[in-house]
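Welcome! Here is a friendly tour of one protein chain, taken one topic at a time. Keep the picture open while you read.

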Amino acid sequence: MKVLIIGGGGREHAIAWKVSRSPKVDKIYCAPGNAGIAEIAECVDMGVMDFDRQVAFARENEIDLTIIGPDDPLVAGAVDAFEAAGLRVFGPQKRAALLEGSKSFSKDLMKKYGIPTAAYEVFESLEEALNYVKTAPMPIVLKADGLALGKGVLICGSREEAERGVKDLMLDKRFGSAGDRIVVEEFMTGREVSVLSFVDGKTVKIMTSAQDHKRAKDGDQGLNTGGMGTFSPSPFYTEEVDEFCKQHIYQATVDAMKAEGREFKGIIFFGLMLTEKGPRVLEYNARFGDPETQVVLPRMENDIVEIFEACIDGTLDQIDLQFEDNAAVCVVLASEGYPEKYEKGYPITGLEAFKGQEIYFAFHAGSKFDGSGTVVTNGGRVLGVTAIGADLREAREHAYQAAEWVSFENKYMRRDIGKSIDQT
């Protein structure tokens, strides 16, 4: 098979790595890719939103399967464009990707079908939103309705902060048009857990659990980011939690989407909050999480291409999804200043230490080759250093050990990824 992967981040590097291990695959292309992906795939200079060029490339190169990585092209209809051309593609159609593309849609869906989530209100008027937060209980959560690179959530501890946040989203357009409509939610307390799943329209197969660290600084301080590190499995995702979610959240969501005429095929990422009253849905994503993918896929025993094809063909019920009895931790190496201002173009050294390794991985998120062929930094999140261990503590030790192998100017990382493990 010949496979095309759309995207160029750490998630797509992890997907490309897993696809490269399939005996079904002879050739991988990635558009646009990055310096790490270039080691296992042929990178093609095409933007993730350039559907016409992608479809033409897939036809010309007789691509057997295309995998759409990021949220933007999914929500904009990348899968629809490939399907219209008669090409096999993995991911939800535009009407199904709305599950992530609009937080108000997903909240209304959960309300309609009784899927447990936080109480909420939706506002399109700045004045009405400001009036609401003047009397609402604090703390409170503000969410941009549309896509915002995983950063469009503000947790406000006071009324002043909430009013400032509403203006930030709706008036100052911090996240552009994503803030034209906002969702205002009750603040839930508990452990956050991420659970990825494969879906073929009717069947849902749950992957192993993971836990992300969104804030930029140690101790969950600083600004929200796309994710500074993650670990898998989550010790807080117990059999009891799993049973509840299977009964009330996972299949219920797939069935609800089908009932709405929005049959979902692809990945549903369930962002959960484990509250005192039980698990609640924080958010849905319609694709692999980043950096959750970097700890989930190295633990998966199955041939991922077989699963992608089963999701497309509606035969996922025939797949026995298996994960190794081990653990993985990913530490993101970022550029100092991320997620705000940061410098790019610094040489990255130490990557050769990962070659031939079976338990250490350097998944490239923001890298490229400079004019002389040197790998240099090209983003806020530069690398996701992932390591496997017999348990979470060993995996964490391995990940931080491997993180020291890599050097670049302005390198920054959180030092407490997975530290909550020590509290279990």
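Predicted model: local features only at pLDDT ≥ 70, side-chain atom pairs only at ≥ 80, totals over all residues.

The chain is divided into four stretches: domain 1 (2–91), domain 2 (125–180), domain 3 (191–318) and domain 4 (327–423). Between domain 1 and domain 2, the C-alpha centres lie 35 Å apart.

**A sheet and its helix**

- Strand 6 pairs with strand 9 in the antiparallel sense, over 4 bridges. In this part of the sheet, Tyr120 stands opposite Glu185 in strand 9.

**A closer look at His213**

- Look for His213 in the loop between strand 11 (204–212) and strand 12 (215–217).
- Is His213 buried or exposed? His213 has a relative accessible area of 6%, which is under the 20% limit, so it counts as buried.
- Leaving aside residues up to four places away in sequence, His213 touches several others, including Thr225, Met228, Phe231, Arg414 and Asp416.
- Ile67 is 146 residues from His213 along the chain, and their C-alpha atoms are separated by 26 Å.

**Backbone details to look up**

- Ala31 and Pro32 are joined by a cis peptide bond, with omega about 0°. Pro32 belongs to strand 2 (residues 27–32).
- Another cis peptide bond joins Asp290 and Pro291, where omega is about 25°. Pro291 is in the loop between strand 16 (278–285) and helix 10 (292–296).
- Lys173 is not a glycine, yet it has a positive phi of about 55°. You can find Lys173 in the loop between helix 8 (159–171) and strand 9 (182–186), and at 33% relative accessibility it counts as partly exposed.
- Asp220, which is not a glycine either, has a positive phi of about 55°. Its place is the loop between strand 12 and strand 13 (221–224), and with 45% relative accessibility Asp220 is partly exposed.

**Aromatic rings**

- To describe a pair of aromatic rings, we give the distance of the centres and the angle of the planes.
- How many aromatic pairs are there? The count comes to 13.
- Tyr250 and Phe270 form a tilted pair, 4.7 Å centre to centre with 55° between the planes. This pair links distant parts of the chain, 20 residues apart: Tyr250 is in helix 9 (residues 239–259) and Phe270 in strand 15 (residues 265–275). Both Tyr250 and Phe270 are buried.
- Why is the pair of Phe361 and Phe363 called stacked? Their planes are at 5°, which is under 30 degrees, and their ring centres are 5.6 Å apart, so the pair is stacked.
- Phe361 is buried at 9% relative accessibility, and Phe363 is buried with a relative accessible area of 2%.
- Phe90, Phe198, Phe288 and Phe308 form one aromatic cluster.

**Charges over rings**

- The charged end of Lys27 sits over the ring of Tyr29, 5.1 Å from the ring centre.
- Lys217 lies over the face of Tyr412, at 4.7 Å from the ring centre.

Conventions: Residues numbered from 1 in each chain as written. Heavy atoms only, no water. Helix = DSSP H or I, 4+ residues; strand = E, 2+ residues; numbered from the N terminus. Buried < 20%, exposed > 50% of the residue type's maximum accessible area, 1.4 Å probe, protein only. Contact = heavy atoms within 4.5 Å. Domains from an automatic or database assignment. Pairing = 2+ DSSP bridges. Phe/Tyr/Trp six-rings, centres within 6.5 Å; stacked < 30°, edge-to-face > 60°. Lys NZ or Arg CZ within 6 Å of the ring centre and 35° of its normal.
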